[in-house]
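Work through these exercises with the model open beside you. Try each task before reading its solution.

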Amino acid sequence: MAPLMAARCSTPSSHTPALTVSQRHAFLIIAACSMVAGIPCAIVLNCAGMFFTPVSSSLGVSRSSFALYYSCLSLCCIIAVAICGSVMTRVNMRTNVTACAALCGITLIAMSQFTQVWMFHLAGALLGFGAAPLVLAIPILVGNWFHCRVGLFTGVCMSFTGIGGMVFNLISSAFITIGPEGWRLGYLVYGLVILLFVCPITFAIVRSKPSDLGLVAYGEEGAPQTVQTDNGQTSIGSTRHRARFALPSTIWRSSVFFCLAAFGFLSNMNQVVYQFMASYCQCSGDSQVIAAVGAVAGACMIGQAIGKILLGHISDTSLTTSLALGLCGAAAGAIIMWVAPTCIPLLIIGAFSFGFVYACTMVVVPMLTRLSFGSANYTRVYSWVSTFCLIGQTLGSVLFAFLTDLPQGFDAMFAVSLLLTAIAARVGFKAVHNAIGHTLLQEDQWQKPSPPGKKSPK
């Protein structure tokens with residue numbers, strides 16, 4: 001029997017006439033987080049690949065030279081995430097989210113006027129400092145405002161990076177087909193949308209915690225969370241009130257953290273393949289495949305969206321099943337696209353399946369972090385784990401850009417993707433096993449009376 005993590009909580013009964021003020025604002029937070037994921041995060045992180053070929057051609061540089069801007073973006077994401085882990089516990093979340101969204105919007109508008117490749121490298125750095133805190137803020141806000149079904153609601157919010165990516169990839173394809181300079185209009189429109197639509201809404205809605213408004217979290221009834229194993233069910237208490245695990249100073253030395261960080265590193269490196277799907281289609285030499293670039297990229301975004309909701313829902317009861325589904329989808333997608341480079345239906349199916357790898361990084365990783373280290377340490381630990389995730393993404397963008405510029409480079413890209421998936425599976429299942437075992441061990445320590453002369457764990 002696979003290890004299960006089930007969350008029980010109090011939800012509004014069928015006879016409740018209306019949502020309470022706390023519940024209404026909790027769902028407004030979900031709406032705001034979904035919008036942040038679906039517009040600035042989707043544009044910056046999921047639409048970059050659509051512009052690799054047209055911008056590099058317009059500037060007269062190699063695709064790998066231009067794609068280096070995405071490496072700069074990823075590198076600055078690492079720095080930003082490492083800083084945000086401690087900053088977000090002290091600074092108003094509304095200000096953080098709004099300012100970061102504004103930075104993304106202004107930078108995209110500036111990119112529409114750039115004429116030199118080094119300018120894009122600088123812009124990538126600014127986008128990294130803007131986008132990384134937005135991605136980090138979403139699971140933190142969901143965890144603060146929801147006491148139960150955290151996996152489901154995290155998946156719902158994160159799914160909008162896929163939905164937004166699908167929509168904006170199709171729009172990007174339309175901008176690119178306008179002409180050699182169509183990409184400029186695309187960057188301009190995207191920047192204006194973020195500044196004029198996203199920023200005012202986040203400033204009006206987002207609050208760090210329910211207590212900032214005198215409210216309580218959705219389902220906050222002190223209901224116990226449980227971990228179920230073959231030998232029975234062990235209560236581990238309310239994750240909101242108890243710091244169950246090691247102190248931050250000892251987390252770095254734990255095998256739980258090591259496996260979790262390694263899984264995030266490998267999965268994030270693997271998902272960079274998506275950024276080269278457009279180039280893969282454009283280099284096929286088939287006019288129909290080239291015309292279907294937007295559909296292929298959009299299919300991956302749909303798979304990403306559905307995968308996040310599905311894996312988020314499953315993660316609330318079984319992280320093992322959720323992890324297996326995500327990794328199998330990634331492997332199947334890579335194989336299908338590799339063996340059928342000119343078959344549009346199979347390319348779309350393969351791209352859809354590959355989108356599930358995003359669910360592993362954006363839903364399974366935060367859920368594993370929360371299960372392993374509890375809510376009290378979650379913000380800081382998740383920022384550390386995210387740092388390793390983004391290091392993998394940075395190295396992946398350089399690696400796959402190098403591979404795709406080689407003869408038969410796309411074959412090498414898919415081969416490396418499958419290798420990364422296999423290693424991630426080994427480490428990922430070990431991380432789940434360690435997380436469940438660590439949870440039960442810590443709960444046992446909490447329940448046992450302290451021996452004479454020893455202090456109880458804090």
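**Exercise 1.** Which residue forms a salt bridge with Glu181, and how far apart are the closest N and O atoms?

Solution. This is a predicted model. Start at Glu181 and look for its partner. The partner is Arg184. The closest N and O atoms are 2.4 Å apart. A salt bridge requires a distance within 4 Å, so this pair qualifies. Now count such pairs: the structure holds 1 salt bridge.

**Exercise 2.** Classify Arg184 and Glu181 as buried, partly exposed or exposed.

Solution. Buried means under 20% relative accessible area, and exposed means over 50%. Take Arg184 first. Its relative accessibility is 19%, so Arg184 counts as buried. Then take Glu181. Its value is 40%, so Glu181 counts as partly exposed.

**Exercise 3.** Describe the setting of Leu215.

Solution. Leu215 lies in the loop between α7 (182–205) and β2 (225–229). The relative accessible area is 17%, so Leu215 is buried. Then list its contacts, setting aside neighbours within four places in sequence. Leu215 touches Val21, Ser22, His25, Trp145 and Pro210. Finally, take Ser22 from that list. Ser22 and Leu215 are 193 residues apart along the chain, yet their C-alpha atoms are separated by 5.3 Å.

**Exercise 4.** Summarise the whole protein: how many helices and strands does it have, and what share of its residues is buried?

Solution. Count the elements: 17 helices and 3 strands. Then turn to burial: 57% of the 458 residues are buried. Last, the surface: the protein exposes about 17,500 Å², with 68% supplied by carbon and sulfur atoms.

Note on methods. Residues are numbered from 1 along each chain as its sequence is written. This is a predicted model: local features need pLDDT of at least 70, side-chain atom pairs count only at pLDDT 80 or more; totals for chains, interfaces and linings use all residues. Side-chain values use heavy atoms; hydrogens and water are left out. Helices (H or I, at least four residues) and strands (E, at least two) are DSSP runs, numbered from the N terminus. Buried means under 20% relative accessible area, exposed over 50%, partly exposed in between (1.4 Å probe, protein chains only). Contact means heavy atoms within 4.5 Å. A salt bridge is a side-chain nitrogen of Lys or Arg within 4 Å of a carboxyl oxygen of Asp or Glu. Accessible areas come from the Shrake-Rupley method with a 1.4 Å probe; for residues, only the protein chains shown count as cover.
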